[in-house]
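Here is a short briefing to read alongside the model.

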Amino acid sequence: MEKMRALSKAQFTQSGFDTSGYHFITEPGTFTAYLDLKVWGKCCLECFFTFADGRKIIASTFPEADYLGLADIPIGTECVLIFEQTVRSKRTYLRKAEAVL
């Protein structure tokens, strides 16, 4: 039996996972956070993280970047996340993710 990499949208809906405290990050930087949940989106992998200070964020990754390796990282894993701001749109995106071993 193949290990599930992330929940489907239907599984996510049935899970009852509370996303009300999660927001997209607005500041660039390097952060340590725990991976709470992964959900397959229409064209991305949506990842939910909790920082050590209690902040909760959502980060989207895309297939052309092989989902930054997050599809294969187990839920509950501590990760180092690097967020960068784009020059044009000034939006902040997840650019690198690594599991802390």
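**Core packing**

The largest nonpolar core has 20 residues, and those touching the most other members are Leu45, Phe49, Phe51, Leu70, Leu81, Phe83 and Leu94. A nonpolar core here is a set of buried Ala, Val, Leu, Ile, Met, Phe, Trp, Tyr and Cys residues joined through side-chain atoms within 4.5 Å. Buried means under 20% relative accessible area, exposed means over 50%, and partly exposed is in between (1.4 Å probe, protein chains only).

This is a predicted model, so keep in mind that local features need pLDDT of at least 70 and side-chain atom pairs count only at pLDDT 80 or more, while totals for chains, interfaces and linings use all residues. Residues are numbered from 1 along each chain as its sequence is written, and side-chain values use heavy atoms, with hydrogens and water left out.

- Strands (E, at least two residues) and helices (H or I, at least four) are DSSP runs, numbered from the N terminus.
- Strand β3 provides the largest share of this core, with 4 residues.
- There is also a second, separate core of 7 residues, with Leu7, Tyr22, Val39 and Ile58 among them.
- Leu70 is in contact (heavy atoms within 4.5 Å) with Lys38, Leu45, Cys47, Phe49, Thr61, Leu94 and Ala97, leaving out residues up to four places away in sequence.

**Strand pairing**

- Strands β5 and β6 run antiparallel and are joined by 7 bridges. Two strands pair if DSSP finds at least two bridges between them.
- Leu81, one of the core residues listed above, has Ala97 in β6 as its bridge partner.
- The hairpin of β5 and β6 has 6 residues between the strands, and in this hairpin Lys90 has a positive phi near 60°.

**Salt bridges**

- How many salt bridges does the model contain? The count is 5, with a salt bridge taken as a side-chain nitrogen of Lys or Arg within 4 Å of a carboxyl oxygen of Asp or Glu.
- Lys9 and Glu46 form one of them through their side chains, at 3.2 Å from N to O. Because Lys9 lies in helix α1 (residues 9-15) and Glu46 in strand β3, this pair ties together parts that are 37 residues apart in sequence.
- Lys9 is partly exposed, at 40% relative accessible area.
- Arg55 and Glu27 form another salt bridge, at 3.1 Å from N to O. Arg55 is in the loop between β3 and β4 (56-61) and Glu27 in the loop between β1 (22-24) and β2 (29-40), so this pair ties together parts that are 28 residues apart in sequence.
- Arg55 is partly exposed at 31% relative accessibility, and Glu27 is partly exposed at 36%.
- A network of salt bridges links Glu27, Asp53 and Arg55.
- Lys96 and Glu98 also form a salt bridge, with the closest N and O atoms 3.2 Å apart. Lys96 is partly exposed at 42% relative accessibility, and Glu98 is partly exposed with a relative accessible area of 42%.

- What is the nearest side chain of opposite charge to Lys38, which is buried yet has no salt bridge? That side chain is Asp72, 6.6 Å away. For charge, Lys and Arg count as positive and Asp and Glu as negative, while His and the chain ends are not counted.
- Lys38 is in strand β2, and its side chain reaches the backbone oxygen of Leu70 at 3.2 Å.
- Beyond four places in sequence, the contacts of Lys38 include Arg5, Leu45, Glu46, Leu70 and Asp72.
- Glu46 is in strand β3 (residues 45-51).

**The loop between β4 and β5**

- Most residues other than glycine have a negative phi, and most peptide bonds are trans.
- Asp66 is in the loop between β4 and β5 and has a positive phi near 50°.
- Leu68 is in the loop between β4 and β5, with a positive phi of about 55°.
- Pro63 lies in the loop between β4 and β5 and is partly exposed at 42% relative accessibility.
- From C-alpha to C-alpha, Pro63 and Glu27 are 23 Å apart in space, and they are 36 residues apart in sequence.

Key. Polar contact = N/O pair within 3.5 Å; in protein donor to acceptor, adjacent residues only side chain to side chain.
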